[in-house]
Amino acid sequence: MAFTLYEATVGTYTQILNSISGVLAKGREHCEANGINLEDVVATKLIDDMLPFQFQVVSVAHHSLGALQGVEAGEFGPPNMGEQDYGALQQLVTDSQAGLAAFSAEQVNGFEGKDMAFKMGSMTIPFKAQDFLLTFSLPNFYFHATTTYDILRMKGTKLGKSDFLGRMRVNA
């Protein structure tokens with residue numbers, strides 16, 4: 001079965017960004033209904049040596065829209081964090097959804113074979129665009145999306161697997 005880089009990335013990023021948008025909305029609703037401070041959620045970690053909820057949501061955006069922008073620029077590095085409240089994190093996901101919609105299939109498929117690099121400090125890892133997207137970006141994207149979901153579940157938000165999966169591409 002042949003499929004395109006666009007289908008493997010933008011289609012997948014869009015599905016999970018849409019679901020994370022819904023997960024964040026349910027998380028906000030649960031916290032507000034139960035007197036849970038949203039800023040405490042933003043700082044929540046699953047365990048002490050993991051980065052907090054804020055980093056998880058930022059990384060979902062960074063490893064989707066940011067990954068495509070990195071391929072386009074030829075270089076990708078760690079996200080720029082800054083301080084963001086829960087509402088700003090929700091807006092970041094919304095902005096990422098809109099940004100992905102601006103990438104055409106022709107544009108993303110045209111990345112195939114392009115050289116690019118992941119840079120962090122003095123470390124550089126060279127990639128072909130498709131290898132970066134499929135073996136680095138997508139696994140990171142799913143990891144951070146799952147951790148976002150898990151933290152909200154830990155806080156008591158009523159979520160199920162269908163909330164994480166979102167709208168799948170099915171025959172209709």
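This is a predicted model: local features need pLDDT of at least 70, side-chain atom pairs count only at pLDDT 80 or more; totals for chains, interfaces and linings use all residues.
Colleague: What makes a set of residues a nonpolar core, and which residues touch the most other members of the largest one?

Modeller: A nonpolar core is a set of buried Ala, Val, Leu, Ile, Met, Phe, Trp, Tyr and Cys residues joined through side-chain atoms within 4.5 Å. The largest such core has 43 residues, of which Phe53, Leu68 and Phe132 touch the most other members. Two or more residues each come from helix 1 (5–33), helix 2 (38–42), helix 3 (53–62), helix 4 (65–73), helix 5 (86–101), strand 2 (115–120) and helix 7 (129–154). Helix 7 gives the largest share, 10 residues. Helices (H or I, at least four residues) and strands (E, at least two) are DSSP runs, numbered from the N terminus.

Colleague: Which residues is Phe132 in contact with, leaving aside neighbours within four places in sequence?

Modeller: Contact means heavy atoms within 4.5 Å. By that criterion, Phe132 is in contact with Ala67, Val71, Phe76, Met116, Phe127 and Ser137. Ala67 and Val71 are among the buried residues of helix 4.

Colleague: Why is the pair Phe53 and Tyr86 called stacked?

Modeller: Rings of Phe, Tyr and Trp (its six-membered ring) pair if their centres lie within 6.5 Å; planes under 30 degrees apart count as stacked, over 60 as edge-to-face and the rest as tilted. The structure holds 11 aromatic pairs. The ring centres of Phe53 and Tyr86 are 5.8 Å apart and their planes lie at 5 degrees, so this pair is stacked. Phe53 is in helix 3 and Tyr86 in helix 5, so the pair ties together parts 33 residues apart in sequence. Both Phe53 and Tyr86 are buried.

Colleague: How do you know whether His30 is buried or exposed?

Modeller: Buried means under 20% relative accessible area, exposed over 50%, and partly exposed in between (1.4 Å probe, protein chains only). His30 has a relative accessible area of 17%, and is therefore buried. His30 is found in helix 1. Not counting residues up to four places away in sequence, His30 touches Ile36, Lys155, Gly156 and Thr157. His30 and Lys158 are 7.8 Å apart in space, C-alpha to C-alpha, and 128 residues apart in sequence.

Colleague: What makes Arg28 and Glu32 a salt bridge?

Modeller: A salt bridge is a side-chain nitrogen of Lys or Arg within 4 Å of a carboxyl oxygen of Asp or Glu. The closest N and O atoms of Arg28 and Glu32 are 3.0 Å apart, and the pair forms a salt bridge. Arg28 and Glu32 are four residues apart in helix 1, so about one helical turn separates them. Arg28 is partly exposed at 25% relative accessible area, whereas Glu32 is exposed at 52%.

Colleague: How many salt bridges does the structure hold, and which strands does the one between Glu75 and Lys119 tie together?

Modeller: The structure holds three salt bridges. In the pair of Glu75 and Lys119, the closest N and O atoms are 3.4 Å apart. Glu75 lies in strand 1 and Lys119 in strand 2, so the pair ties together parts 44 residues apart in sequence. Glu75 has a relative accessible area of 43% and is therefore partly exposed; Lys119, at 35%, also counts as partly exposed.

Colleague: Why does Asp115 count as exposed, and what is its salt-bridge partner?

Modeller: Asp115 counts as exposed because its relative accessibility is 54%. The side chains of Asp115 and Lys128 meet in a salt bridge (2.7 Å, N to O). Lys128, at 34%, is partly exposed.

Conventions
Residues are numbered from 1 along each chain as its sequence is written. Side-chain values use heavy atoms; hydrogens and water are left out.
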